[in-house]
Amino acid sequence: MIEIPSDLHPDLVPLAFLLGNWQGAGVAALDWGHLPAGAGGEDGPGTDKCNFGQEVAFSHDGRDFLEYVSHSWQLDEAGEKVRPLETESGYWRIDSERKVEVVMIRDGGVAEVWYGELADQKPQIDLVTDAVARTASAPEYSGGKRLYGYVNGDLMWVGERSAPGSPLQPYMSAQLKKAVDLREIAKDLSEKEGDLPDDGIAFFK
């Protein structure tokens, strides 16, 4: 169920499905500058992959944009954290014609402007880079595409990127679940039942 906060800016209602804290896992290419030299495959970008964990937050403060923050890290075969992969942050907007614009900064020294569109009758967004700027130390990168979708209560996304002179190639995809907000649960229980019981057994009486 998609909830629309009462203080959400009216322009952002079509993006309400993104709001919240999300956690999950996916698959990432190692040889796109995430890891030290030599950690990737030998057959070009996207040939050596790893599982990764991700936390994503979309929030708002009443203005006409969503604030976005993402942290990801490599996972070992047991699902334990190995090392950070990438951190990115930005701002999402949408206009009356369902056109979406995003500005994003990534920790590898890349700044991007993305444009896209919210699909008709379904919570799905296609984005393509319109402008890319990078520092001298950033890995080679010329543009990308992303697809975000809200599917059966989960937030799913897939990303492609390209280096100069190379075609777009998949580099990350993940399935994220809405994180439980314990403060909201406590608030709901308090409103429905009065004070929380001192003894958990009281819930079953």
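Reader: Quick one to start: is Asn152 buried or exposed?

Author: Asn152 is exposed, with a relative accessible area of 78%. Here exposed means over 50% relative accessible area, buried means under 20%, and partly exposed is in between (1.4 Å probe, protein chains only). Keep in mind that this is a predicted model, where local features need pLDDT of at least 70, side-chain atom pairs count only at pLDDT 80 or more, and totals for chains, interfaces and linings use all residues. Residues are numbered from 1 along each chain as its sequence is written, and side-chain values use heavy atoms, with hydrogens and water left out.

Reader: OK, and where does Asn152 sit?

Author: In the loop between β8 (143-151) and β9 (154-162). Strands (E, at least two residues) and helices (H or I, at least four) are DSSP runs, numbered from the N terminus.

Reader: What's the phi of Asn152?

Author: Near 50°, which is a positive value in a residue other than glycine. Most residues other than glycine have a negative phi.

Reader: Which residue has a positive phi of about 70°?

Author: That's Gln121, and it is not a glycine either. Gln121 is in the loop between β6 (110-118) and β7 (124-134). It counts as exposed, at 74% relative accessibility.

Reader: Switching topic: how many helices and strands are there?

Author: One helix and ten strands in the protein chain. Along the sequence the order is β-β-β-β-β-β-β-β-β-β-α.

Reader: And what share of the chain is buried?

Author: 34% of the 205 residues count as buried. The chain exposes about 12000 Å², with carbon and sulfur atoms supplying 50% of that. Those areas come from the Shrake-Rupley method with a 1.4 Å probe; for residues, only the protein chains shown count as cover.

Reader: Which residues make a nonpolar patch on the surface?

Author: Ile2, Ile4 and Val13, with about 240 Å² of accessible area together. Like charges are joined within 9 Å, and nonpolar side chains (Val, Leu, Ile, Met, Phe, Trp, Tyr) within 5 Å.

Reader: Where's Ile2 in all that?

Author: In the segment before β1 (20-29). Ile2 is partly exposed, at 40% relative accessible area.

Terms used
Patches are made of residues with over 30% relative accessible area and no salt bridge: like charges are joined within 9 Å, nonpolar side chains (Val, Leu, Ile, Met, Phe, Trp, Tyr) within 5 Å. A salt bridge is a side-chain nitrogen of Lys or Arg within 4 Å of a carboxyl oxygen of Asp or Glu.
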